[in-house]
Amino acid sequence: MTRVAQRALLAAAALWLAACGDASWDGVDEAVVRRVAEDAGRHDTGPLFAGLEGDLLLFAFLWAGLLSGFALGYFSRVLFVERAGQTAEKPGGDGLRAD
């Protein structure tokens with residue numbers, strides 16, 4: 001990228017940040033779901049988890065899903081890899097030989 005193109009890109013980014021600096025970044029709940037619910041005649045009942053608003057709530061559910069998926073994957077080795085009272089052995093089992 002040439003020096004002129006870099007400066008033009010930097011100037012465009014600075015202009016965009018200056019124009020959008022005070023803009024409100026509504027989450028999906030405010031931007032889409034609330035409008036559709038109001039069009040259907042439903043009213044807002046408030047958040048289920050107080051203190052988590054907008055995309056922060058979605059971020060919290062993302063982390064909860066990641067952590068629970070890791071825990072389920074880690075502890076499922078007892079069902080699929082290890083037998084009762086035995087530890088996991090090398091892959092392939094005893095009956096398969098590579099030589």
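**Exercise 1. Determine how the span of helix α2 relates to the expected value.**

Solution. Helix α2 covers residues 28–39, which is twelve residues. Helices are DSSP runs of H or I with at least four residues, numbered from the N terminus, and strands are runs of E with at least two. The expected span is 1.5 Å times one less than the number of residues. From first to last C-alpha, α2 reaches 16 Å, close to the 16 Å expected at 1.5 Å a residue. Just after α2, G41 adopts a positive phi of about 90°.

The model is a predicted one, in which local features need pLDDT of at least 70, side-chain atom pairs count only at pLDDT 80 or more, and totals for chains, interfaces and linings use all residues. Residues are numbered from 1 along each chain as its sequence is written, and side-chain values use heavy atoms, with hydrogens and water left out.

**Exercise 2. State the secondary structure and the exposure of the protein.**

Solution. The protein has four helices and zero strands, in the order α-α-α-α from the N terminus. Buried residues (under 20% relative accessible area; exposed is over 50%, partly exposed in between; 1.4 Å probe, protein chains only) make up 3% of the 99 residues.

**Exercise 3. Which residues make the nonpolar surface patch of about 610 Å²?**

Solution. The patch consists of L56, F59, L62, W63, L66 and L67. A patch takes residues with over 30% relative accessible area and no salt bridge, joining nonpolar side chains (Val, Leu, Ile, Met, Phe, Trp, Tyr) within 5 Å and like charges within 9 Å. A salt bridge is a side-chain nitrogen of Lys or Arg within 4 Å of a carboxyl oxygen of Asp or Glu. L56 lies in helix α3 (residues 55–75) and is partly exposed because its relative accessibility is 45%.

**Exercise 4. Classify the aromatic pair of F59 and W63, then that of F70 and Y74.**

Solution. Rings of Phe, Tyr and Trp (its six-membered ring) pair if their centres lie within 6.5 Å; planes under 30 degrees apart are stacked, over 60 edge-to-face, the rest tilted. This rule gives three aromatic pairs. F59 and W63 are edge-to-face, at 6.3 Å centre to centre and 75° between planes. They are about one helical turn apart, because four residues separate them in α3. The rings of F70 and Y74 have centres 6.2 Å apart and planes at 20°, so this pair is stacked. F70 and Y74, together with F75, form one aromatic cluster.

Definitions and conventions. Areas by Shrake-Rupley, 256 points an atom, 1.4 Å probe, with all protein chains shown as cover.
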